Amino acid sequence: MSEDSRQERKAEIAESLREVRERVDAACRAAGRQPEEVELLAVTKTFPAGDAALLADLGLTELAENREQEARGKVAEFAELRPEAAVRWHMIGQLQRNKARSVVRWADVVESVDSVRLAEALRRAAANALDAGERSEPLDVLIQVGLDDAAGRGGCPPGDVSALAAEITRHSDLRLRGVMAVAPLGGDPDVAFATLSGIARRLQEDYPEAVEMSAGMSGDLESAVAHGSTRVRVGTALLGGRRLISP
Ligand SMILES: *Cc1c(COP(=O)(O)O)cnc(C)c1O
């Protein structure tokens, strides 16, 4: 990319970032919350490592990907572009157990843990990576809660959250930090996020470090903030529309 087009792209992202921050601030004001209570997680899926570098230049420190295979190369490329950047990478997409070994090499946080079997695979992978010096910290995880009955979208059924939490916290290689959810397609996000908020509160009573509620995307972040989200995951509103890609 030429220097001119990079500057142009940076200005474009800076303007989107200003607008997103304004939306989060307004949602916080409306809910009587402080803007510092809501972290902005930039979702870089389908966009190049160069865009992730520009986001880091603009001060963002939390970046997310949803496909392991796409992410591992991009995170490595990002590290070459911005070796000094203190960025934490989040995995937010459905994850197969056979990707656990790879994901623990680049992710600081896995937000999409939705089964005991996946938790166990991640725990083993994190322990091995710690032993091998491929990581220096335990893996932070969130339980992804399924808020609709549609099969295939991932998510732990609300009734199984406490058993999954018990499994995750049995070992020190994983750190349970809270819950994540995606509002059901076509459903009312207020209903979904109110449900999630109750689940998050109950979990935190048993696990005081599970403070995060990762909820809200470009289209519904106001509703999520109103219901107590501590982290909004924003892609489209920051980087623009994604072209559809086949899975
Ligand atoms: C893509 C994605 C987002 C961001 O969605 P936008 O509508 O582009 O802001 C958030 N969360 C998850 C799990 C995603 O896959």
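The stops below go through a predicted model, one selection at a time.

**Stop 1: lysine 45**

Select Lys45. The unreviewed UniProt entry lists Lys45 under "modified residue: N6-(pyridoxal phosphate)lysine". In the model, lysine 45 sits in the loop that links β1 (39-43) and α2 (49-57). Is lysine 45 buried or partly exposed? Lysine 45 counts as partly exposed because it has 17 C-beta neighbours inside 10 Å, and a residue needs 20 or more to be called buried. Now show its contacts: leaving out residues up to four places away in sequence, lysine 45 touches Glu65, Asn66, Arg67, Glu70 and Gly235.

**Stop 2: threonine 46**

Select threonine 46, which also lies in the loop between β1 and α2. Threonine 46 has a phi near 70°, a positive value in a residue other than glycine. With 17 C-beta neighbours inside 10 Å, threonine 46 counts as partly exposed.

**Stop 3: helix α2**

Select α2. Which residues of α2 are buried? They are Asp51, Ala52, Ala53, Leu54 and Leu55. The elements that cover these buried residues include α1 (3-31), β1, β2 (62-65), α3 (68-81) and α9 (236-239). Just after α2, look at glycine 59, where phi is positive, at about 100°.

**Stop 4**

Show β1 and β2 together. They run parallel and are joined by 2 bridges. Valine 43 has alanine 64 in β2 as its bridge partner. From β1 the chain passes through α2 to reach β2, and this β-α-β crossover is right-handed.

β2 and β3 pair in the parallel sense over 4 bridges. Glutamate 65 has methionine 91 in β3 as its bridge partner. Here the chain goes from β2 through α3 to β3, in a right-handed β-α-β crossover.

**Stop 5: the ligand**

Select the ligand and the residues around it. How many residues surround the ligand? There are 14, and the closest are Met217, Ser218, Arg233, Gly235 and Thr236. Colour the shell by class to find 6 nonpolar, 6 polar and 2 charged residues.

**Stop 6**

Select strand β6 (residues 174-180). Most of β6 is covered, with 6 of its 7 residues buried. β6 pairs with β5 (139-144) in the parallel sense, and 6 bridges connect the two. Leucine 142 stands opposite glycine 178 in β6.

Next show strand β7 (residues 212-214), which is parallel to β6 and joined to it by 3 bridges. The bridge partner of valine 179 in β7 is methionine 213. The chain crosses from β6 through helix α7 (residues 189-206) to β7, and this β-α-β crossover is right-handed.

**Stop 7: valine 145**

Finish with valine 145, in the loop between β5 and α6 (161-168). Valine 145 is buried because 26 other C-beta atoms lie within 10 Å. Not counting residues up to four places away in sequence, valine 145 touches Gly155, Cys156, Pro158, Val161, Val179, Ala181, Leu196 and Ile199. To try the distance tool, pick the C-alpha atoms of valine 145 and glutamate 205: they are 60 residues apart along the chain and separated by 17 Å.

Conventions. Residues numbered from 1 in each chain as written. Predicted model: local features only at pLDDT ≥ 70, side-chain atom pairs only at ≥ 80, totals over all residues. UniProt positions renumbered as here; feature names shortened; annotations may be inferred. Buried ≥ 20, exposed ≤ 12 C-beta atoms within 10 Å, placed from the backbone. Contact = placed C-beta atoms within 7 Å. Pairing = 2+ DSSP bridges. Right-handed = clockwise from strand over helix to strand, strands pointing away. Near = placed C-beta within 6 Å. Nonpolar A, V, L, I, M, F, W, Y, C, P; charged D, E, K, R; others polar.
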